Amino acid sequence: MSTHKSIDIDGAMRRLTVPDIRARKRRDGAEPLVCLTAYTVLTARLLDAHTDLLLVGDSLGMVLYGLDTTVGVTMDMMVLHGQAVMRGAKRSCVIVDMPFGSYQESPEVAFRNAARIMKEVGCAGVKIEGGAEMAETVKFLTERGIPVMAHVGLLPQSVNTAGGFKAQGRGDAAAEKIVQDAKAVAGAGAFAVVVEGTWEPVARRITEEIDIPTIGIGGSPACDGQILVTEDMAGLFTDFKPKFVKRYMDLGSGLAEAARQYAEEVRSGAFPAEEHCFGVKAKDKS
Ligand code: KIV
């Protein structure tokens, strides 16, 4: 279990808050923030004891719905999955991704959609992708009571502009742009920033030069915390495996094997057995 769950004065465990996460800038060998994605109540329940932060990521569009990118994800999808995760997670800080098209148009549109997520989900904050171009929106939201986690480097919602899911920050100019992006969103009031798919020296520099926690995904151990998509980490989503993913188990093969055994037993008549039936006595079976 994470050692970083907060305890109230009466000794009860309470949910980690945005200020708790904000305070976890790693100094003097402190433990990194442990973050994972969650989209469902069951997953949230299973992960909650081990994580500091659960992100209802818009990666759910690809992982759960089979979309090619996250661009097609809707507000309704994020709200419904956010509510499910809040029912399952009692201790981790829950943050919900704002989907493509829900915040880029203007700070006012972003506020309206972020406020809907906060009201209907009851989460601690939202995440938006983008750097300097999103700083005004980050400021607008945070000044109006909506905590924002930023996201720089590889931006999955910009896959069409980037021409694919490619590591970002190679070369001096590209590296400098990501560092400046992180500084812009940190300066605008973000409480943490996801640093995705970027070269190690870039992630290291960002972590050293901003005073909010950096959460890496393909960002190297230099970051103040780490996040992975749970289905990648558990080997359930196997369509492709980014370089930065480590599979800690092969859940996909386990599930397929369970289905194979079930199918075999249904076909052979071995399932359901007597103990799975209501009101069936041994003599009734032929
Ligand atoms: O959508 C998502 O799951 C994310 C994480 C991978 C950081 O943005």
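How many helices and strands does the secondary structure of the protein come to? It comes to eleven helices and ten strands; helices (H or I, at least four residues) and strands (E, at least two) are DSSP runs, numbered from the N terminus.

Before you click, note that this is a predicted model, in which local features need pLDDT of at least 70 and side-chain atom pairs count only at pLDDT 80 or more, while totals for chains, interfaces and linings use all residues. Residues are numbered from 1 along each chain as its sequence is written, and side-chain values use heavy atoms, with hydrogens and water left out.

**Stop 1: the whole protein**

Start with everything shown. The C-alpha trace spans about 75 × 50 × 40 Å along its principal axes. Of the 286 residues, 48% count as buried. Buried means under 20% relative accessible area, exposed means over 50%, and partly exposed is in between (1.4 Å probe, protein chains only).

**Stop 2: the barrel**

Now select the strands β3 to β10. Eight strands close into a barrel in the order β3-β4-β5-β6-β7-β8-β9-β10, with parallel pairing. The twist averages 25° from one strand to the next; the axes here are lines fitted to C-alpha atoms, for helices over the stretch in contact, and angles run from 0 to 180 degrees between N-to-C directions. Two strands count as paired if DSSP finds at least two bridges between them. Strands of a sheet pair through backbone hydrogen bonds, either parallel or antiparallel.

**Stop 3**

Select residues 192-196, which make up β8. Is β8 enclosed or open? Five of its five residues are buried, so β8 is largely enclosed by the rest of the structure. In a regular strand the side chains alternate between the two faces of the sheet. In β8, A192, V194 and E196 lie on one side and V193 and V195 on the other, and all are buried.

Look for M149, which stands opposite A192 of β8. Then show β9 (residues 214-217), which runs parallel to β8 and is joined to β8 by four bridges. Here I217 in β9 is the bridge partner of E196.

Colour helix α9 (residues 200-209) as well: β8, α9 and β9 make a right-handed β-α-β unit. Right-handed means that, with the strands pointing away from the viewer, the path from the first strand over the helix to the second runs clockwise.

**Stop 4**

Move to α6 (residues 135-143). Its buried residues are A135, T137, V138, F140 and L141. They pack against α5, β6, β7 and α8 (172-187).

Which residue forms an aromatic pair with F140? Select F111: the two rings are edge-to-face, 6.5 Å centre to centre, with 80° between the planes. Rings of Phe, Tyr and Trp (its six-membered ring) pair if their centres lie within 6.5 Å; planes under 30 degrees apart count as stacked, over 60 as edge-to-face and the rest as tilted. F111 sits in helix α5 (residues 107-121), 29 residues from F140. F111 is partly exposed at 27% relative accessible area, whereas F140 is buried at 18%.

Finally, show R144, whose charged end sits over the ring of F140, 3.6 Å from its centre. A charge sits over a ring if NZ of Lys or CZ of Arg is within 6 Å of the ring centre and within 35 degrees of the ring normal.

Definitions and conventions
Contact = heavy atoms within 4.5 Å.
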